[in-house]
Amino acid sequence: MTTNTTQTPSHTGHWRGVFFDGPQADTNPDGDEIPVWLVYVGDEDGEPVGTVYRCHNFKSAEQLARQMSHDRRLELIHEASPA
């Protein structure tokens with residue numbers, strides 16, 4: 001007797017990705033303009049679906065984005081550049 005089984009994919013919901021964007025202009029407490037990079041999980045339209053991390057260092061933001069992408073097994077959408 002043979003049994004056929006079908007496995008359901010583990011990810012059946014909406015598409016999600018880790019977005020790394022910036023730099024964008026921000027201001028520090030003294031009112032000086034400083035660059036900020038954003039890292040977040042977003043939907044197919046690039047809209048955040050949770051926490052948006054604001055980083056003031058390109059390398060730290062890039063490392064965070066890569067780690068989030070790896071940990072959550074999501075595609076990394078890298079649209080950032082150094083200031």
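Author: Here we go: we'll talk through the overall layout, then the helix, one serine and the aromatic rings. Keep in mind that this is a predicted model.

Reader: Thanks! How many helices and strands does the chain have?

Author: The chain has 1 helix and 4 strands. Along the sequence they come in the pattern β-β-β-α-β.

Reader: And what share of the residues is buried?

Author: Of the 83 residues in the chain, 29% are buried. The chain exposes about 6200 Å², and carbon and sulfur atoms supply 45% of that area.

Reader: What about contacts across the sequence: what share joins residues 24 or more positions apart?

Author: Taking the contacts with a separation of 6 or more, 44% are between residues 24 or more positions apart.

Reader: What happens at the start of α1?

Author: A side-chain oxygen of N57 reaches to within 3.0 Å of the backbone nitrogen of K59. Just after α1, R73 takes a positive phi of about 55°.

Reader: Let me zoom in on S69. Where is it, again?

Author: S69 sits in helix α1, which covers residues 58-72.

Reader: Why does S69 count as buried?

Author: Because its relative accessibility is 12%, and buried means under 20%.

Reader: What does the side chain of S69 reach?

Author: The side chain of S69 reaches the backbone oxygen of L74 at 2.5 Å. Leaving out residues up to four places away in sequence, S69 touches V18, L74, E75 and L76.

Reader: Changing topic: how many aromatic pairs are there?

Author: The structure holds 4 aromatic pairs. One of them is F19 with Y40, a stacked pair with 5.4 Å centre to centre and 10° between the planes. That pair links distant parts of the chain, with F19 in strand β1 (residues 17-27) and Y40 in strand β2 (residues 33-42), 21 residues apart.

Reader: Are F19 and Y40 buried or exposed?

Author: F19 is buried, and Y40 is too. Another of the aromatic pairs is F20 with F58, and this pair is tilted, at 5.6 Å centre to centre and 35° between the planes.

Reader: What does the pair of F20 and F58 tie together?

Author: F20 lies in strand β1 and F58 in helix α1, so the pair ties together parts that are 38 residues apart in sequence. F20 and F58 are both buried.

Reader: Last one! Which residues form an aromatic cluster?

Author: W15, F19 and Y40 form one aromatic cluster.

Conventions. Residues are numbered from 1 along each chain as its sequence is written. This is a predicted model: local features need pLDDT of at least 70, side-chain atom pairs count only at pLDDT 80 or more; totals for chains, interfaces and linings use all residues. Side-chain values use heavy atoms; hydrogens and water are left out. Helices (H or I, at least four residues) and strands (E, at least two) are DSSP runs, numbered from the N terminus. Buried means under 20% relative accessible area, exposed over 50%, partly exposed in between (1.4 Å probe, protein chains only). A polar contact is a pair of N or O atoms within 3.5 Å; within protein, one must be able to donate a hydrogen and the other to accept it, and residues adjacent in sequence count only if both atoms are side-chain atoms. Contact means heavy atoms within 4.5 Å. Accessible areas come from the Shrake-Rupley method with a 1.4 Å probe; for residues, only the protein chains shown count as cover. Rings of Phe, Tyr and Trp (its six-membered ring) pair if their centres lie within 6.5 Å; planes under 30 degrees apart count as stacked, over 60 as edge-to-face and the rest as tilted.
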